[in-house]
Amino acid sequence: MSGDGPVEAGEARRPAGRRNGSDGAPGGTGRRPALLRHLWWLPALAGGALTVLIMVVLPPDRTIDSAAEVLFKVSPLLFAVLAIAGFPRRPGLGMALLGVLVVGYMGVLDTFNVKHIFDYAEAADQDAAFPELYQFTIFMNAFTVLAVLFAYRLGGAATDRVLKVGLAAVLVVVSGLNDLAFYYTNSWADGRPDRLHWASHISVFVGGPPSPTVAILFCAVHLVLAGVILLLPVRRWLGRLHDRPSRSTSS
């Protein structure tokens, strides 16, 4: 019997999952390097800083003036998706964090949301007060998407799945789906308008306020792209990135 026999037998008895990365990436060693395990802090800090800049420092503005501004306004959401995808999953941590999430939403965000609604309703100049209400409403939309994604991660979702679902969700957020729903369900006193004048994030890409047909096409393209992202082999790509440091070390 050779000296390598027990080692080989031990390897044979090792569960298949141990040969994958910590998130199931194929070809990994079963544990990410310490540096990679903490990289989620970088997008988390970047997203938090941009959120403060948009929500606190800059004046509220409901109008998007350029495609670059769309990317700027969406960037905190993208950074948050990256942070959530890399967030560590530990036994017992998920339930506690979900409890904090629910309490924080009901105790803080919901309170601020109601306050913004009352402030707008009581404002002498509602046109001037509306951008602040609108901005906070968009923030609540983003928070809802991220809360669902965070719960998905804490429930055991692998990094590749969180990335795909998160990026697809961002595309749905900016697709104009909610604008179309508002357009077709709102009771218009003077009849339904022929343009979605308020959908400025669509206007910057199509050259002006979109018609319902243009808005539907814009939305459809984003929904198709979201579906494509869900089908991408992100797990395979992450597995290659995970294996690259190991191959460099062994060489």
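**Entry 1: overall fold**

I began with contacts between residues at a separation of 6 or more, and found that 65% of them join residues 24 or more positions apart. I note here that the model is predicted. I counted the elements next: the protein has eleven helices and zero strands. Read from the N terminus, the order is α-α-α-α-α-α-α-α-α-α-α. I then looked up burial, and 32% of the 251 residues are buried.

**Entry 2: helix 6**

I turned to helix 6, which covers residues 126-154. I checked its length against its residue count. At 1.5 Å a residue, its 29 residues should span 42 Å, and the end C-alpha atoms lie 41 Å apart, so the two values agree.

I looked at the start of the helix. There a side-chain oxygen of D125 comes to within 3.3 Å of the backbone nitrogen of D127. Just after helix 6, G156 has a positive phi of about 120 degrees.

Which residues of helix 6 are buried? I listed P131, L133, Q135, F136, M140 and A142.

**Entry 3: Y105, on helix 5**

I picked Y105, which sits in helix 5. Its relative accessibility is 27%, so Y105 counts as partly exposed. I set aside residues up to four places away in sequence and looked for what Y105 touches: D110, M140 and F143.

**Entry 4: helix 7**

I made the length check again on helix 7. It has 15 residues and runs 21 Å from first C-alpha to last, close to the 21 Å expected at 1.5 Å a residue. I wrote down its buried residues: T159, D160, V162, L163, K164, G166, A168, V170 and L171.

**Entry 5: helix 8 against helix 10**

I wanted the geometry of one helix pair. Two packed helices are described by the angle between their axes and the distance between the axes. I took helix 8 (residues 177-185) and helix 10 (residues 212-231). Their axes come within 9 Å and cross at roughly 145 degrees. The crossing of helix 8 past helix 10 is left-handed.

Which residues make the contact? From helix 8 I found L177, L180, Y183 and Y184. From helix 10 I found P212, A215, I216 and C219. I sorted the contact residues by type, and got eight nonpolar, no polar and no charged.

**Entry 6: two serines**

I finished with S203 and S211. S203 lies in helix 9, while S211 is in the loop between helix 9 (200-206) and helix 10.

Is S203 buried or exposed? Its relative accessible area is 14%, under the 20% cut-off, so S203 is buried. Leaving out neighbours within four places in sequence, I found S203 in contact with G208, P209 and P210.

Notes. Residues are numbered from 1 along each chain as its sequence is written. This is a predicted model: local features need pLDDT of at least 70, side-chain atom pairs count only at pLDDT 80 or more; totals for chains, interfaces and linings use all residues. Side-chain values use heavy atoms; hydrogens and water are left out. Helices (H or I, at least four residues) and strands (E, at least two) are DSSP runs, numbered from the N terminus. The expected span of a helix is 1.5 Å times one less than its number of residues. Buried means under 20% relative accessible area, exposed over 50%, partly exposed in between (1.4 Å probe, protein chains only). A polar contact is a pair of N or O atoms within 3.5 Å; within protein, one must be able to donate a hydrogen and the other to accept it, and residues adjacent in sequence count only if both atoms are side-chain atoms. Axes are lines fitted to C-alpha atoms, for helices over the stretch in contact, and angles run from 0 to 180 degrees between N-to-C directions. A crossing is left-handed if the near helix is turned anticlockwise from the far one by less than a right angle, and right-handed if clockwise. Contact means heavy atoms within 4.5 Å. Ala, Val, Leu, Ile, Met, Phe, Trp, Tyr, Cys and Pro count as nonpolar, Asp, Glu, Lys and Arg as charged, and the others, Gly among them, as polar.
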